[in-house]
Amino acid sequence: MAIFLLSLLLLACSLGASAQTSFGKPELLNSGWRFMLSESITPSDTVPPNSSMPLPRFAQASTDDSRWAHVTIPHDWGVTRPMSPDCGSCQGYLPGGIGWYRNHIDLGNKPLAQGEHLFIYFEGAYNRSSVWLNGHLLGFRPSGFASFLYDLTPYLSPDGNNVLAVRIDHSRQNDSRWYTGSGIYRPVWLIRAPEIHLALWGSAWRIKSLNKNKASVEVDVETTNEGTAEAASRKAIVEILDATGKIVASTKTTIGAREKKTVKLNISTPKYWSLDNPYLYNVRTRLLNGSQETDRSEVTMGLRTLTFSPDKGFALNDKWMKVKGVCLHDDAGVLGTAVPSDVWRRRLQNLKLVGANAIRMSHNPHAPALYALCDSLGLLVMDEASDEWEFPKRKWLKGWNQGRPGFEGTFDYFNEWIDRDVADMVRRDRCHPSIFLWSIGNEVDYPNDPYTHPVLNGGGSDFTQPAYGGYKPEQPNAERIGIIAQRLAGIVRSIDNSRAVTGALAGVVMSNETAYPEAVDVVGYNYTESRYQTDHERYPKRVIYGSENRHDLPAWKAVRDNEHIFGQFLWTGIDYLGESGPWPARGSSAGLLDLSGNIKPNGHYRAALWSEKPVCYIGTYPNERRGRDNRNRLSTYAPALWNYREGQQIRVVCYTNAKTAQLFLNDKPVGGQPQRDEATDILFWDIDYAPGTLRCEAAFPGSQPSAATCQITTCGRPFALRATSDKATLTRQDEVAQITVEVIDENGIVVPLADNNISCYVSGQARLLGLENGDMSDITSKTDNRCRVQNGRIVAYVTRSDRNTQFAGRWQQPGGNAQSPKAVVHFSSPLLESTSVQLDISQIGN
């Protein structure tokens with residue numbers, strides 16, 4: 001039986017949860033878990049439990065779980081299972097099911113103090129989760145994206161030995177249009193707090209006025225009393241600290257045991273939060289009983305102004321700008337939805353490299369760590385509540401938009417839970433300065449999916465989405481959308497009126513006949529650039545932007561060339577699992593980055609359109625079609641490859657924001673002046689292939705040629721492996737090294753056409769999370785230690801381990817032993833020279 005010793009939890013991780021929950025002393029509960037996937041499911045298994053029902057066997061404290069699998073949270077069991085054509089394409093052909101988690105919590109070495117309470121906080125569990133402690137049902141939360149908290153105190157065992165059981169019911173495995181994962185896929189925290197403590201998500205700030213001389217800020221202080229008796233008032237001290245930890249503003253107030261108060265503070269010569277300099281303050285609230293501090297919270301704060309105008313678009317800090325946004329789902333390929341923050345950091349940094357400045361959390365609240373990264377990196381965020389309201393949408397099962405859809409979903413708990421889910425999203429996330437929009441829903445107005453309206457009989461010329469026929473009076477009337485939107489927007493504003501409320505409209509023409517557009521402050525148009533000008537004239541007070549858009553140049557020009565359209569959000573920023581095509585296919589390749597987080601050729605094309613820095617990328621492909629139509633073959637997905645037949649005519653394309661460029665082959669000019677394609681704004685040449693180095697120099701006024709150059713070189717046959725880690729030391733418990741493994745020739749040049757299979761072996765205090773090649777057609781397991789390269793490379797994800805691991809296979813560590821504070825990650829492939837990466841494993845505890 002696995003015993004989790006609370007006294008050994010890491011204090012170093014407490015700040016992360018403290019910022020999320022705004023109370024208590026949090027400690028990670030990611031270790032010590034056991035897991036079992038139910039092999040058979042009966043109808044009674046899918047009924048939400050209540051206290052009057054018989055206690056499930058796996059929720060009973062006496063159940064023997066010694067043979068269950070050991071797992072570490074975050075954990076997504078779906079991505080570890082085999083893909084199957086019998087599963088839905090909407091979920092990437094991956095299964096759901098019902099899973100059970102158990103953890104034995106021993107408080108014997110650290111019992112609760114008199115009046116102290118112990119809570120458990122789940123950042124996210126997909127979905128329909130039920131939690132028991134020592135056989136007592138704590139609660140049921142159907143949303144797989146909501147964060148939630150339970151008080152363990154009433155049911156703790158007097159002897160200190162406690163059994164926590166969690167059931168995850170994803171038996172409705174095709175309940176989403178994309179891959180959601182299955183399991184406790186975000187971190188779990190135990191939180192100790194006194195009986196009277198600061199409230200969950202109760203600490204919040206608002207900017208009342210801001211200029212270069214002074215910032216005036218309001219801070220909410222909210223308390224909760226877990227007891228029933230009246231209690232004396234407490235003193236609350238609120239302090240604002242700058243990035244160096246210096247207190248720049250402070251005030252205090254008296255507050256009751258169950259009360260909410262707002263205090264005002266001023267900051268002299270404030271530093272602004274911006275995309276280029278995302279300066280962050282800390283707001284620290286301390287609760288005192290007499291002179292003794294009993295509780296505290298710390299949340300980040302960024303000082304910025306947000307302005308929306310129907311004629312001028314959007315201004316951050318009074319500077320009008322274009323929002324260059326991308327939509328993101330929760331998964332990261334082989335990692336499923338259990339994505340470490342380090343992986344998100346690398347992905348966001350690469351998105352910034354291609355010019356993105358905003359993220360849309362599609363189509364649900366995401367992991368708290370992702371918002372914190374956007375705060376620190378300087379990315380705007382559109383937070384979103386849901387994709388489905390009171391009726392189900394189509395879920396494609398045999399390929400996106402193919403065959404007969406399914407209608408499983410989350411609609412069945414919408415009416416009971418949506419108000420709380422929206423409120424919890426706003427309360428949890430409102431202290432993130434990166435958030436500039438609250439979205440109450442995505443494409444809930446899809447014509448006839450399921451809402452309908454007589455306007456659908458208008459011929460369809462104004463519709464950019466499939467309408468599935470004309471008006472269908474037997475289906476729900478679209479006027480319901482406006483009624484629900486008014487209610488949800490009101491909930492958002494009642495909690496936070498400092499940001500605009502929006503919705504992403506799919507059927508703009510239909511929604512214009514409802515109260516939906518007027519219920520929100522800013523109206524998002526999905527794939528409806530054709531109505532930007534029409535609706536601007538028809539609704540002159542409406543603020544319009546592209547909430548979901550194609551990658552083509554006309555969609556961007558509709559933003560760039562129209563002052564009143566403040567931005568767009570591309571579908572998508574990163575490839576994702578689910579919404580797959582016909583079997584076999586893992587997911588959608590609509591991203592600027594692939595599943596491994598690497599920039600794709602179309603990402604470089606996007607940089608040429610979006611980036612304010614010099615951009616130059618060259619890609620190639622055979623120019624097999626000659627004649628007047630050859631311009632129609634310009635590709636935004638051209639690979640950086642220079643291996644063809646001698647004399648073969650090759651099209652070379654240059655993605656650049658320069659007016660012109662020059663091409664060199666083996667240091668000699670070639671191709672002459674480039675042609676420019678007006679439909680894509682791409683420069684191109686048609687030249688005969690010869691081996692060597694192809695180099696492009698983009699010409700920028702006043703800059704040296706080296707300001708933006710790109711070159712590709714003919715490679716030889718695969719010769720060896722080369723591994724490069726993004727870090728040399730693993731310090732945090734949840735830290736991840738991302739190791740890029742490349743197939744190279746004898747000269748050290750990457751071989752992009754290589755398809756070698758690579759094996760990975762890890763020893764020491766580390767473990768392999770998975771190998772990712774970014775190939776959407778590769779349906780082999782990525783969670784074992786073997787993977788085929790794509791474009792000559794893979795990415796390996798390695799993290800710390802509580803246990804020492806030994807190398808598998810024939811290769812053994814040269815010297816050292818398993819007790820060494822190091823880990824060695826070895827990569828090999830038949831007929832190629834192998835390679836290794838050594839990682840230092842530092843001691844945790846400070």
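## Confidence

Average pLDDT (the predictor's confidence in each residue, from 0 to 100) comes out at 92 for this protein, and 91% of the residues score at least 70. This is a predicted model, where local features need pLDDT of at least 70 and side-chain atom pairs count only at pLDDT 80 or more, while totals for chains, interfaces and linings use all residues. Residues are numbered from 1 along each chain as its sequence is written, and side-chain values use heavy atoms, with hydrogens and water left out.

Residues 1–14 stay under 50 in pLDDT, with 39 contacts (heavy atoms within 4.5 Å) beyond four places in sequence.

## How α4 meets α5

Take helix α4 (residues 414–429) and helix α5 (residues 479–495): they pack at about 30°, axes 9 Å apart. Helices here are DSSP runs (H or I, at least four residues), strands are E runs of at least two, and both are numbered from the N terminus. Axes are lines fitted to C-alpha atoms over the stretch in contact, and angles run from 0 to 180 degrees between N-to-C directions.

On the α4 side, the residues in contact are F414, I418, D419, V422, A423, V426 and R427; they meet I484, R487, L488, I491, V492 and I495 of α5.

## A look at α5

The end C-alpha atoms of α5 lie 26 Å apart, which agrees with the 24 Å its 17 residues should span at 1.5 Å a residue (1.5 Å times one less than the number of residues).

Buried (under 20% relative accessible area, 1.4 Å probe, protein chains only) in α5 are I481, G482, I484, A485, L488, A489, I491, V492 and I495. Their cover includes α4, β26 (435–442), β27 (500–505), α6 (508–511) and α7 (516–519).

Conventions. Buried means under 20% relative accessible area, exposed over 50%, partly exposed in between (1.4 Å probe, protein chains only).
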